[in-house]
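Here's a quick briefing to read alongside the model. Have the viewer open as you go through it.

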Amino acid sequence: MRIAFFGSSLVSSYWNGAATYYRGLIRALHARGHRVTFFEPDAFDRQAHRDLADPDWAEVVVYEATESAALEAIDRARGADVLVKASGVGVLDELLEEAVIDAGSETTTVFWDVDAPATLARLEASPHDPLRVLVPRYDLVLTYGGGEPVVQRYRDVGARECVPVYNALDPQTHHPASRDERFACDLAFLGNRLPDRETRVEQFFLRAAELAPERTFLLAGSGWDDKTLPANVRVLGHVSTNEHNAFNSTPLAVLNVLRESMADNGWSPATRVFEAAGAAACLISDDWRGIDDFLEPGREVLVARSGEEVARLLLALTPARATEIGHAARQRVLREHTYAHRAEQVERILARVPA
């Protein structure tokens, strides 16, 4: 199949949490014989912060962040077997959402939602949202999480079909790495500072740091520089995807904290879950519905319902126990949750779409 994909960015993870998902899935589709062209705008200073050269497993087209350039990109995508508009491109989303449908009259059109709980909250609150009118016109809605709650909510706003295609592991890019002293600590968290994430980071990460002053904590990601923090928390800033393996392999444990909308919905494992498992890191995660569909609590992941529980788990954690949990998690995701598994799923889904 020839697939034209309009998304935020394939070549830059700068303020772009979906980059790992796009890369893993598109590389796996290429390995199965599909040709993918990824169209991304030159926006948000991402091209100046590239962390991936143009790959040999996808064609990357960078277009100016203008209406005329976006429409030229749409014209270039005509004739593909599948036309995909991902959520959160960040530039001219409304124009692209409608233009993809108009260009795909003889092809399969897909709205691929990489932040479904937030998108659905917006659509449900505003019956006149332009996207809500367009959802029933897409052949298919795919999401990178959300389970049955998201499926039902999308059907309620008119989707013909909705299927979650979850985050996963790309073993070629995320794997155990040598220790890097820049990332040395007892507990590390990596995530950009966002409105619906900050409170949960305070509850699960910073509260744990306050309760375990003898332990060291590392806070990575963009936007945290001016945050008031406990004395045992070190701020690192943006960490390139090329350094995620060392970041995950070095601390005693790493923390996963879902954004509020995803935690409320459930069945929304972040890319960080699979990156950490792929590196055989010991993962401590906040509790959310569906977590045991991906990793077994107590054996492959440690689950906490509060910062107090995070602190208790961390204080009881030994290096040997951390290694045991990390190894079990890696074996589970290699067996069931790689992007090769997801690419096979996408093939099956697209084969069901009526011609």
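What follows covers the overall fold, the surface and charges, the cores and a few loop residues.

This is a predicted model, so a word on the ground rules: local features need pLDDT of at least 70, side-chain atom pairs count only at pLDDT 80 or more, and totals for chains, interfaces and linings use all residues. Residues are numbered from 1 along each chain as its sequence is written, and side-chain values use heavy atoms, with hydrogens and water left out.

**Overall fold**
- You'll find 13 helices and 13 strands in the chain, which are DSSP runs (H or I of at least four residues for helices, E of at least two for strands) numbered from the N terminus.
- The chain is as compact as a globular protein of its length, because its radius of gyration is 20 Å, close to the 20 Å that the globule rule gives for 355 residues; the radius is taken over C-alpha atoms, and the rule is 2.2 Å times the number of residues to the power 0.38.
- Along the principal axes, the C-alpha atoms fill a box of roughly 60 × 40 × 40 Å.
- Among contacts (heavy atoms within 4.5 Å) with a separation of 6 or more, 71% join residues 24 or more positions apart.

**Burial and charge**
- Of the 355 residues, 60% count as buried; that's under 20% relative accessible area, with exposed over 50% and partly exposed in between (1.4 Å probe, protein chains only).
- There are 38 positive and 53 negative side chains, with the centres of the two sets 4 Å apart; Lys and Arg count as positive, Asp and Glu as negative, while His and the chain ends are not counted, and each charge is placed at NZ of Lys, CZ of Arg, CG of Asp or CD of Glu.

**Nonpolar cores**
- The largest core has 64 residues, of which Tyr 21, Tyr 22 and Trp 112 touch the most other members; a core is a set of buried Ala, Val, Leu, Ile, Met, Phe, Trp, Tyr and Cys residues joined through side-chain atoms within 4.5 Å.
- Helix α1 (residues 19–31) supplies the largest share of this core, six residues.
- A second, separate core of 33 residues includes Tyr 63 and Leu 83.

**Loop residues**
- Val 91 sits in the loop between β4 (82–86) and α3 (93–103) and is buried at 14% relative accessible area.
- Beyond four places in sequence, Val 91 touches residues including Pro 41 and Phe 44.
- Phe 44 lies in the loop between β2 (35–42) and β3 (59–64), with phi near 60°, a positive value in a residue other than glycine.
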